[in-house]
Amino acid sequence: MEQSGVAFGTSGARGLVSAMKDSVCFAYTVGYLRHLAGLGEFAPGTQVAVAGDLRPSTPRILRACVAAIEYMKGVPVFCGYVPTPALCLHAFARGIPSLMVTGSHIPADRNGIKFNRARGEFLKTDEAAMREQDVELPQGWFDADGALTAPVELPEKTDVVPDFVARYRDFFGADALSGLTLGVYQHSAVGRDVLVEIVEALGGKAVPLGRKDSFIPVDTEAVRPEDAKLAREWAADGKLDAIVTTDGDSDRPLLADRAGNWLRGDVLGILAARFLDAAAVTTPVSSNTALEKSGFAKDIRRTRIGSPFVVAAMTEAADAGFVPSVGYEANGGFLLASDVKRGERTLAALPTRDSILPMICALVAARREGKDLAGLVATLPQRFTLSDRLVEMPTARSRAHIEKLAENPARGATALGFTKSCGNLSHVDHTDGLRMTFDSGEVIHLRPSGNAPELRVYVEADSPERAASLLATGIEAVGAWRDAS
């Protein structure tokens, strides 16, 4: 791990494609399976489900992972190029391990491997235990550049899509979206065709938009200006009721209203949790505080950023008897820790990011209340969050600056110009990075990315305009950190 530069981020192991050599991916997969063997979840003959996104490097990495599974005497089950939640739904239902080759929303020069346990996501404790595995590469399998010396073929594909589509059709009904015309921004998302299929299975009309052959790094949390512009252009003729899309591996949603305004993931999460009558809601500290102000959840838990932390806390809530127990992230990823029942219908738990569920919940909720999406959002307490990232900012440098800021947050906030803009510092949260709340009620949260050399800046205010202004202030202030020698 140290030599390759491929390391665990907030969601799996990730690194530059040039660093993710066959030998590195093979070693990671062997270590993963040995860890599962120690837990009693893997043995010779055990099936291991694998899938991938549409990045150019994904097929090669998949073959390296398959080689490792076969080396460990496992049985690889190739589920194709499908959404991460479709892979997980298949694997969790059968109690078998699974891994997804994906870099999510990060650029195509990077990729990753997301590992899962037999019935849930890999937690941080699993990552730590996997690091301890002693893996020796088999002699003769790799050349001097770390490439496999013998060809490896992917198994015949197992089609997991029908069960994934049925999950939503059977719970919401075949007419849940009838009468709605939804634009489907396809770009290079692995679930772009599946999303069309689901919309139509629920009675809606799907209009495919923006399909690309090259990989597009659509980020559901820090929406690119070009994606904001595209949505407004597509919505301009008034023919679309909403626009739906996902990130690269289709586990995080992005939903726009009829005017082409993309909803923030933490707003979408509240709408979905409320629709599902969630008793417990778990979300990272970066999500906005409209959740607490909404008052519908009996139990609210705040965690570090990353689905493993959300999974752990929402599972604890479910075990404590708070059901339904759900979790969501500011990037829109929505997780279900317990079953949800509506009359004779049951939506089974799926403790991994699900991009489809929150979008359908919001669309159905709006229809039931006789509103469009904008009207539904207006029913929530008016708190607005935005985020952006300072790219090409080394993680070590970000951490050093944040640690120094944490030594005296009030003085640091003043030096950065935050107190002049927001008032005195009233509260500091060190859960993940440094989250500063000011007398104005406004929030500025600084955190190194766990997936790339980027510094994330999150803000919260009482209006969209103020949030945008605050974000610009935050990005400009920390820009000096990157530019300093």
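## Ground rules

Axes here are lines fitted to C-alpha atoms, for helices over the stretch in contact, and angles run from 0 to 180 degrees between N-to-C directions. Helices (H or I, at least four residues) and strands (E, at least two) are DSSP runs, numbered from the N terminus.

The model is predicted: local features need pLDDT of at least 70, side-chain atom pairs count only at pLDDT 80 or more, and totals for chains, interfaces and linings use all residues. Residues are numbered from 1 along each chain as its sequence is written, and side-chain values use heavy atoms, with hydrogens and water left out.

## Two crossing helices

Helix α3 (residues 84-94) packs with helix α5 (residues 161-172) at about 95°, their axes 9 Å apart. That makes the pair roughly perpendicular (65 to 115 degrees).

Contact means heavy atoms within 4.5 Å. On the α3 side you'll find P85, A86, L89 and R94, meeting D163, F164 and R167 of α5.

## The open sheet

Four strands line up as β8-β7-β9-β10 in an open sheet with mixed pairing; two strands pair if DSSP finds at least two bridges between them. β8 (205-209) and β10 (253-256) sit at the edges with a single partner strand each, so one side of each has no neighbour in the sheet. From one strand to the next, the twist averages 25°.

In the parallel pair β7 (residues 181-185) and β9 (residues 242-246), there are three bridges. G183 sits opposite I243 in β9.

## Helices on the sheet

Helix α6 (residues 192-201) packs on the sheet and touches β7, β8 and β9, its direction making about 160° with that of β8. Helix α11 (residues 356-368) also packs on the sheet, touching β7, β9 and β10, and its direction makes about 25° with that of β10.

Technical notes: Angles under 35 degrees count as roughly parallel, over 145 as roughly antiparallel, 65 to 115 as roughly perpendicular and the rest as oblique.
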